[in-house]
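Good morning, and thank you for coming. I would like to present one structure, with attention to its open spaces and to one of its sheets.

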Amino acid sequence: MPELPEVEALKDFLTENLVGHEIVRVLPVAISVLKTYDPPVTALEGHEVTAVRRHGKFLDLETGGGPHLVTHLARGGWLQWKDRLPDGPPRPGKGPLALRVALETGAGFDLTEAGTQKRLAVYVVRDPQEVPGVARLGPDPLADDFDEERFARLLAGERRQIKGALRDQGLIAGVGNAYSDEILHAARMSPFKLTAALTEEEVAGLYAALRTTLTEAVERSRGVAAGRLKAEKKSGLRVHGRTGEPCPVCGDTIREVSFSDSSLQYCPTCQTGGRPLADRRLSRLLK
């Protein structure tokens with residue numbers, strides 16, 4: 001799933017390639033991807049893209065005098081840029097193509113979705129706050145006013161495991177499964193540690209890991225073409241998705257905890273005092 005760094009890079013890429021150009025056609029291929037109907041997608045046509053913004057993991061294309069095109073790529077969605085779109089309308093079918101946006105130059109992009117879980121979402125709205133997922137977002141962790149004190153206040157009201165808190169979009173916007181693993185590894189903290197048990201020193205270390213991990217990931221992704229962002233993300237991850245590999249910090253074997261529809265990865269030596277975590281489908285944290 002694209003998270004804050006990849007969506008930030010897509011925002012920069014689209015700012016360079018979309019802003020100042022006119023949308024001449026919006027072609028939904030999978031109707032289920034559209035989550036709004038008023039205004040219709042045709043309301044975007046004939047308007048110039050004036051800005052591209054990011055709200056957490058949401059991309060927002062703003063048009064001058066027209067509506068916003070807001071999209072959430074979810075787990076299997078992606079944006080594919082084309083300097084020249086194919087001639088003729090796309091054919092509806094079982095392929096990954098969900099929606100196509102064409103510019104007056106002949107360039108444009110496709111929104112695609114792999115897999116069977118169809119969660120890619122597109123909204124055409126007058127204001128991005130009309131999108132429920134945008135309206136409920138917590139603060140952006142890379143915003144200038146997101147300081148350690150604000151982070152501490154957010155966590156102070158929580159009574160749950162830190163992994164879940166970091167992933168809660170209503171608490172902090174933009175962090176998902178992969179980067180929460182990376183942040184916790186950098187902070188040398190168990191994913192199952194309770195927020196209520198965090199000391200001031202641990203909160204400070206977690207804040208530093210959060211900002212550093214996301215900032216470095218954004219910098220790695222900056223200037224990378226849209227088609228290479230997935231590979232760039234994977235190459236920069238230290239523990240997430242690397243079960244069985246050696247930890248780059250201590251050399252211990254990276255382990256995994258599986259859930260019904262996801263998994264997390266961690267280093268026992270760096271994060272849990274050398275103790276393995278039990279599979280959460282079967283039991284609690286080993287003590």
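Let me begin with a definition. On a 1 Å grid over the protein atoms alone, a pocket is an open set of points with protein on both sides within 12 Å along at least five of seven lines, whereas a cavity is a set of points where a 1.4 Å probe fits but cannot get out; lining residues have an atom within 4 Å of a point. Grid points are joined across faces, edges and corners, and a volume is the space filled by probe spheres set on the points.

Two remarks on the source are needed. This is a predicted model, in which local features need pLDDT of at least 70 and side-chain atom pairs count only at pLDDT 80 or more, while totals for chains, interfaces and linings use all residues. Residues are numbered from 1 along each chain as its sequence is written, and side-chain values use heavy atoms, with hydrogens and water left out.

The second largest pocket has a volume of about 260 Å³. Its lining consists of 14 residues, and Glu182, Ala186, Thr213, Glu216 and Arg238 lie nearest its centre. Helix H6 (200-221) contributes the largest share of that lining, 5 residues. Helices here are DSSP runs of H or I with at least four residues, and strands are runs of E with at least two, numbered from the N terminus.

What volume does the largest pocket have? It holds about 1,100 Å³ of space. Of its 42 lining residues, Met1, Lys57, Arg75, Arg167 and Asn177 lie nearest the centre. Among the elements that supply at least two lining residues each are strand S8 (121-125) and helix H4 (162-167).

There is also 1 cavity of 30 Å³ or more. The residues lining the largest cavity are Met1, Pro2, Val7, Lys57, His72, Leu73 and Ala74.

I turn now to the sheet. Strands of a sheet pair through backbone hydrogen bonds, either parallel or antiparallel. Here 4 strands form an open sheet in the order S1-S6-S7-S5, with antiparallel pairing; two strands count as paired if DSSP finds at least two bridges between them. Strand S1 (23-28) and strand S5 (77-82) stand at the edges with a single partner strand each, so one side of each is left without a neighbour in the sheet. Strand S6 (residues 97-103) and strand S7 (residues 108-113) pair over 5 bridges, and valine 101 stands opposite phenylalanine 109 in S7.
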